[in-house]
Amino acid sequence: MSADGFTAAPPPGAREDWTIDQGWADYTPEEHATWDILYERQAALLPGYACDEFLHGLDALNLHRGGIPNFDEINPELKRLTGWTVVAVPGLVPDEVFFDHLANRRFPAGQFIRKRDQLDYLQEPDIFHDVFGHVPMLTDPVFADYMEAYGKGGQRAQGLGRLQNLARLYWYTVEFGLLETPKGLRIYGAGIVSSRTESIFALDDPSPNRLGFDLVRTMRTPYRIDDFQQVYFVIPSLQALLDATLQDFAPIYAALETASDVPIDAILAEDRVFTAGTQAYAAGGGRLATAD
Ligand code: PHE
Ligand code: FE
C-alpha cells in the first residue's frame with residue numbers, strides 16, 4: 001500500500017505523480033525467469049483457492065506471455081474491460097499520490113521484481129505482488145468500482161484524520177480478503193494470492209480466525225505487516241462489499257474516534273464465525289520460529 005501521510009517530492013527520475021517508465025526492455029533474463037517461476041507456482045496452486053473473478057482476470061489479461069508483463073500490452077485490454085490502467089512507480093508512494101491514482105482508475109505498480117532468495121516473502125510490494133496479485137481483480141466491474149471508490153474515500157479519510165481506520169479496511173479486503181462461495185471459502189486478496197505459503201495458510205491452516213466481514217469491525221481491528229494474518233474477514237460477495245462502502249463514512253469515523261481497537265485474535269459475540277482459530281501459529285512465534 002502506501003507509506004506516510006505527508007507530501008514528499010518524487011524521487012529523481014520520477015514524474016510529478018511519482019510514475020516512471022516501466023523500462024520493460026531493461027529487465028534481465030534472470031528477472032523474467034523469476035516472474036515465470038512465481039507465475040507457474042501460483043497458477044498451478046490457485047484453482048480451488050482463488051475466487052473465480054480472480055482466475056477469470058488472470059486469463060483475460062494473459063499475464064503469462066513469458067516473463068514480466070509489459071504494461072503497454074496489458075493496458076489496452078484492462079482499459080477496455082473496466083477503464084483501469086497500470087502505471088509503474090519506483091516503490092511505495094505517499095498516501096495522497098496513491099489515492100489520486102486509484103480515484104482515477106490507475107493502479108500504481110512497483111516496477112522492480114523480488115530477488116531469488118525472496119520468492120516466498122518480502123514486505124515491499126514488487127511487480128509480482130502488484131500485477132499478479134492486484135490487477136486480475138481490476139478486470140471485475142464491481143471490484144473495479146470499489147477500488148476507485150476507495151481512492152476517493154482515502155482522500156476524504158485523510159482530511160478527516162481517520163486514515164488508520166480506512167487502511168484497515170483496505171488491508172482486510174483488497175490485500176487479505178476472503179470470499180464465501182458455494183464451493184467454499186476462496187481468496188480475493190492480493191497479499192494472499194501473490195504468496196504461495198499464505199494462500200495455503202489463509203484457507204487451510206487451523207490457526208487464524210475466519211470471521212464474517214463487518215465494515216466497522218474491520219476498521220477497529222489492527223493488522224500485522226510482518227507475518228501471516230491472525231484473522232481473515234469473509235465477504236458474502238463483491239457486490240456486498242461495494243454496497244457496504246457506498247454509505248457516508250463520516251458518522252462511522254466520528255464513532256470510531258472513541259471506539260477501542262479489537263484485539264487482533266479476538267472473537268466477539270456478534271461475529272459470524274467461519275473458523276475459531278487455534279492461533280497456534282502466532283503463539284509459536286510465527287515466521288521467526290519457522291524461518292530457515
Ligand atoms: N463511502 C466512503 C466515504 O464516505 C468512501 C469509501 C468507498 C471508502 C469505498 C472505502 C471504499 O468516505
Ligand atoms: Fe498490495
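User: How do the residues of the shell around ligand 1 divide into nonpolar, polar and charged?
Analyst: In this predicted model, the shell around ligand 1 consists of 6 nonpolar, 3 polar and 2 charged residues.

User: Which residues surround ligand 1?
Analyst: The surrounding residues are Y146, A149, Y150, G153, R156, L166, L169, T245, Q247, D248 and F249.

User: And which helix gives the most to that shell?
Analyst: Helix α6 does, with 5 residues. Helix α6 spans 141–160, and α7 spans 163–175; each of the two supplies at least two residues of the shell around ligand 1.

User: What does R156 do there, in terms of distance to an oxygen atom of ligand 1?
Analyst: A polar atom in the side chain of R156 is 2.5 Å from an oxygen atom of ligand 1.

User: Which polar backbone atoms come up for ligand 1?
Analyst: There is one from Q247, lying 2.6 Å from a nitrogen atom of the ligand. Another belongs to F249, at 3.0 Å from an oxygen atom of ligand 1.

User: How much of ligand 1 does the protein bury?
Analyst: The protein buries 92% of the 330 Å² that ligand 1 exposes when taken alone.

User: Are the two histidines, H129 and H134, buried or exposed?
Analyst: H129 is buried, because its relative accessibility is 11% and the limit for buried is under 20%. H134 is buried as well, with a relative accessible area of 4%.

User: One more topic: where does N209 lie?
Analyst: N209 belongs to strand β5, which covers residues 209–212. At 1% relative accessibility, N209 is counted as buried.

User: Which backbone atoms does the N209 side chain approach?
Analyst: The side chain of N209 reaches the backbone nitrogen of G277 at 2.7 Å. A polar atom of that side chain also lies 3.1 Å from the backbone oxygen of D265.

How values were computed:
Residues are numbered from 1 along each chain as its sequence is written. Chains are lettered from A and ligands numbered from 1 in the order in which they are written. This is a predicted model: local features need pLDDT of at least 70, side-chain atom pairs count only at pLDDT 80 or more; totals for chains, interfaces and linings use all residues. Side-chain values use heavy atoms; hydrogens and water are left out. A residue is near a molecule or strand if one of its heavy atoms lies within 4 Å of it. A polar contact is a pair of N or O atoms within 3.5 Å; within protein, one must be able to donate a hydrogen and the other to accept it, and residues adjacent in sequence count only if both atoms are side-chain atoms. Accessible areas come from the Shrake-Rupley method with a 1.4 Å probe; for residues, only the protein chains shown count as cover. Helices (H or I, at least four residues) and strands (E, at least two) are DSSP runs, numbered from the N terminus. Ala, Val, Leu, Ile, Met, Phe, Trp, Tyr, Cys and Pro count as nonpolar, Asp, Glu, Lys and Arg as charged, and the others, Gly among them, as polar. Buried means under 20% relative accessible area, exposed over 50%, partly exposed in between (1.4 Å probe, protein chains only).
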